[in-house]
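Please read the briefing below alongside the sequence and the coordinates.

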Amino acid sequence: MIGDITEGREKSKILLVEDSVSQSGRPLLISILHSLCKRVEKVHYICFDREPGFVKACLQSECSSRVIFHDGTSNILGWENKQSLNVNCDLVKYLNDSKGHHASTSVAIVCDSLSPLILHRSAPYTCQTVTKLASAKIQAAEVDQVVCLLHKDLHDNHSINLLHHIATTIITVKPPKFEHFLMATHTLHKRLSGKVIKLEEHFTLNNEYVIQDITEVKSIDTSKVAMETSQPDPTANLTFNLTLTDKEKEARSQVKLPYTYDQSRQDETLTKSVGEGKIFYQPDEADDFDEEDPDDDLDI
Amino acid sequence: MFTELKNLVSNPNHCMSSKYFIGITEKKVDGSFLIHHFLSYFLKENCRVIFLSFRQALNHFNSVGNKIGNSLSIAKEQGNFCFIEGLKSLAQSVNNGVLCGENPWDQTINNNLVSADKLYMMLQSKIKDVSFKSDKNVVFIIDDISTLLDTGTTVVDTLAVVQYLQHLIIQELGGTLIIGTNDDMGELDDDKNILKNYLHHSVDLCLEVSGLETGYCKDVHGQLTVSWNNTVSREKINQRVAQYKLTDKNCAIFASGMSSAVL
Amino acid sequence: MTTSFQKKTRSKVLQIPGAKPSIYNNQLLISTGIPSLDHILGGGVAVGTILLIEEDTYGNYARLMLKYFCAEAVMTGHSLLLASADADPEQILKELPAPIIDDPGKGEATLEEPSHDSSSDNMKIAWRYRHLPKFQSNTSGVKFGHYYDLSKTMESELTQTVDISTVDSSLCACDSKQTDGEFNNPGYNSLLKTIQEKIMANGFSTTTQVEKRNILRLALHSIGSPMWGEKGGLTENEMYSPALPRFLVGLKAILRTAYACCVITVPAHLFCDKAYVRRLERLTDTVVEVDSFVGSDKEKNPVYKDYHGLFNIKQLPCLNSLVCNMPDSLDLAFKLRRKKLTIEKLHLPPDLSETANRSQEDPLKNLKPSSGCGTGGRSNKLEF
């Protein structure tokens with residue numbers, strides 16, 4: 001499923017990639033970016049987190065001509081006195097006004113990330129912006145898809161829910177459960193038909209950021225590997241009887257072992273007074289009764 | 001600087017004094033030894049260091065610096081070190097003018113609150129002054145930015161300051177930015193948690209200082225988790241965990257279970 | 001810029017009666033008035049720092065500790081500023097424990113005539129206290145740390161020998177609307193202003209030169225109680241209130257450039273949550289928590305029968321140093337006998353300690369204050 005979504009085989013107008021501190025979603029975003037380059041004429045990559053060079057460095061050469069980077073990190077709140085992209089801009093208008101070679105057929109928009117918008121404006125505003133972008137025309141080109149990155153550990157649950165509501169696909173990125181995969185994703189995909197698909201998958205990315213080794217993880221708890229190995233019964237097939245009948249087992253359990261803690265025995269020992277143990281010695285004829293002190297010849 | 005610590009955190013692929021963002025998160029311990037280390041390290045690397053402290057006065061850093069062989073006063077005389085008295089200036093700014101003395105942050109106060117944009121502008125001009133006419137790399141350090149949250153600055157404003165500083169120091173000036181925060185209560189303190197997460201998402205090197213699960217120990221003071229973040233990487237996050245012990249003049253680093261008290 | 005952290009210079013060692021340099025890091029220390037607490041804190045409280053005491057539920061022991069601190073001011077001749085909105089400060093001063101006086105014959109008791117002392121106000125020294133070393137020209141005579149008898153109160157004539165200012169509830173106008181937004185509390189502001197003025201006017205600032213240095217002790221009682229207009233650390237909008245943090249930041253900044261030391265008690269149990277208390281702790285230097293057994297089930301626990309409560313060290317400062325001085329044990333408890341309050345390592349009572357050795361059970365296992373120089377994710381952490 002993850003491959004189908006990132007490659008565009010499953011249609012999704014608004015694709016949300018959610019990540020957290022434990023696993024970054026940006027590699028997946030870049031993978032999607034590469035696949036977008038093959039499908040649309042131009043991709044507008046809006047940067048609100050990190051400056052564009054960061055992602056540019058990962059871009060395959062054949063894609064770089066198709067991606068237009070917009071840097072919103074240098075003046076994110078418009079504090080500096082200059083014209084630049086910031087969270088207060090109307091993104092649709094900004095994209096339409098931006099200079100450069102525009103597409104004429106189809107475009108895609110990638111927003112990396114939505115978190116500054118949610119933090120500095122609000123979640124509803126961000127929802128409105130994303131929806132507007134999805135249905136907008138950027139200089140006569142239709143917007144094929146809007147892909148957004150979101151750091152879910154920077155926002156409260158309400159805000160996240162609002163973003164989930166307007167998205168058609170939500171991919172939550174997590175650290176992988178199995179060592180040899182790069183990451184795990186939980187995908188929620190809303191098909192146009194109304195069907196909702198939920199899947200958990202693991203995968204890796206190759207050098208060209210293409211998704212590989214997609215493995216679905218079943219929802220059964222695979223961490224519990226309860227294997228009941230049937231052990232051969234050692235008491236069977238013997239020439240002598242090692243088993244006990246129930247009665248015998250019961251009798252066995254009643255036997256008081258010598259060193260176990262037993263309340264009655266303890267009481268017995270404690271209540272016995274010291275003077276009662278007496279030793280009666282009856283010497284018989286064979287006993288050697290030597291009057292001498294055996295230690296006499298000790299030379300200390 | 002602490003050699004063992006330097007060896008632990010250095011990144012063979014990247015020079016730490018240029019275009020680097022280091023985040024320090026303290027979890028219920030005092031991680032200021034990292035600050036002392038970086039002050040010493042970057043001055044030795046011939047950078048211009050600007051340090052904004054919200055926790056202590058300059059004397060404290062001077063004293064420790066002298067003990068570990070890093071004279072901040074000499075560096076200051078040479079123009080390589082600049083100290084911004086965050087504790088005093090913040091105290092002056094948020095207490096209705098009760099504290100005596102001139103407040104260099106006077107212009108940042110708006111309605112009894114330190115205004116984030118004005119604070120940034122003030123820091124920006126100071127940083128530009130220091131880095132002007134010098135080909136040395138600039139290093140800007142804040143020991144605990146979460147103090148701004150304590151005194152009423154919103155987390156959103158604080159994040160904005162961090163982002164602007166990131167752009168200024170790393171993009172424009174090509175230097176290194178080090179920001180510390182504390183994460184003592186984890187998710188119990190929403191705002192500080194967001195601040196910590198934001199830093200974690202943004203930095204190149206993340207240093208988490210925390211106490212031991214087993215409690216206080218005379219021979220091991222705490223644990224240091226070093227993560228070299230590369231959010232676009234197709235590989236797993238590179239991470240190392242080590243334990244440390246502080247003495248009067250040094251910080252000893254060892255792998256878990258390898259403290260000299262145990263061996 | 002000079003701060004109150006004075007290092008021992010080769011030329012002159014700063015001598016202030018009732019203050020001594022720490023053996024660990026040359027910090028100037030003063031006694032809390034409780035010798036066992038001084039010992040645990042590495043000798044005393046450092047001048048220029050804040051000792052935060054998180055009060056026991058009913059506040060009695062915290063108030064007692066503050067009284068010791070005030071009594072110690074009298075015995076050392078330090079100036080004192082006592083603030084309380086919950087109790088009448090004048091009344092607190094009348095209830096200070098009496099010092100246990102050593103033999104009058106012991107030690108050097110040279111007493112300067114008041115007229116020779118340039119910085120003195122009009123001081124009447126009762127005749128029976130003349131042997132007490134005060135206002136001496138040689139400071140070695142003033143003892144560091146005294147013992148007090150709780151069954152007797154300090155004579156008012158003795159109390160009056162030192163410079164004491166009080167701040168009471170009239171300072172906190174909690175009925176007036178805060179016009180400057182919710183960030184500041186007018187009561188805290190006024191208190192901070194009073195403190196700053198006292199420091200500047202009486203030569204306690206490190207920037208002013210005086211002939212004879214003295215220490216100012218700030219005893220702040222139950223700051224953050226409802227009497228100060230505090231609603232558990234929350235603003236009207238149920239957000240964390242920045243008012244008390246601002247006060248603490250201001251206090252710390254002032255103290256760092258003053259020959260003053262502050263012991264402040266807060267009713268931490270009244271605050272909205274542990275995260276807020278943690279924020280306050282981080283803004284001070286030393287933090288201790290008094291966990292009294294009164295009214296709790298711990299009162300009936302045989303393990304604790306020799307004690308009146310647990311004493312948790314939650315934070316110790318690293319001052320001018322990479323390391324902080326850790327006490328030998330963090331399992332501390334306190335007991336109040338007729339004459340004194342002692343804070344010590346928690347010892348099991350003899351009959352229980354025997355069974356502890358024999359059986360596998362550790363009666364302390366559920367009670368260990370999970371402290372440490374930083375620990376895993378639980379409350380009651382030690383940090384420094």
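The points that follow are grouped by topic.

This is a predicted model, in which local features need pLDDT of at least 70 and side-chain atom pairs count only at pLDDT 80 or more, while totals for chains, interfaces and linings use all residues. Residues are numbered from 1 along each chain as its sequence is written, and chains are lettered from A and ligands numbered from 1 in the order in which they are written.

**Make-up of chain C**

- Chain C holds eight helices and 14 strands, where helices (H or I, at least four residues) and strands (E, at least two) are DSSP runs numbered from the N terminus.
- Of its 384 residues, 51% count as buried, a residue being buried if 20 or more other C-beta atoms, placed from the backbone, lie within 10 Å of its own.
- Among contacts in chain C between residues at least 6 apart in sequence, 73% join residues at least 24 apart; two residues are in contact if their C-beta atoms, placed from the backbone, lie within 7 Å.

**The sheet of chain C**

- Nine strands of chain C form an open sheet of mixed pairing, in the order S8-S5-S9-S10-S4-S11-S12-S13-S14; two strands pair if DSSP finds at least two bridges between them.
- Its edge strands, each pairing on one side only, are S8 (164-167) and S14 (341-345) of chain C.
- Strands S4 (residues 50-54) and S10 (residues 260-266) of chain C pair in the parallel sense over five bridges, and within this pair Ile50(C) stands opposite Cys262(C).
- Helix H2(C) packs on the sheet, touching strands that include S4, S9 (216-221) and S10 of chain C, and its direction makes about 160 degrees with that of S9(C); axes are lines fitted to C-alpha atoms, for helices over the stretch in contact, and angles run from 0 to 180 degrees between N-to-C directions.

- Leaving aside neighbours within four places in sequence, Cys262(C) is in contact with residues including Ile50(C), Leu51(C) and Leu218(C).

**Chain C against chain B**

- In chain C, 48 residues are in contact with 45 residues of chain B.
- The largest share of the chain C side, seven residues, comes from H6(C).

Notes
Buried ≥ 20, exposed ≤ 12 C-beta atoms within 10 Å, placed from the backbone.
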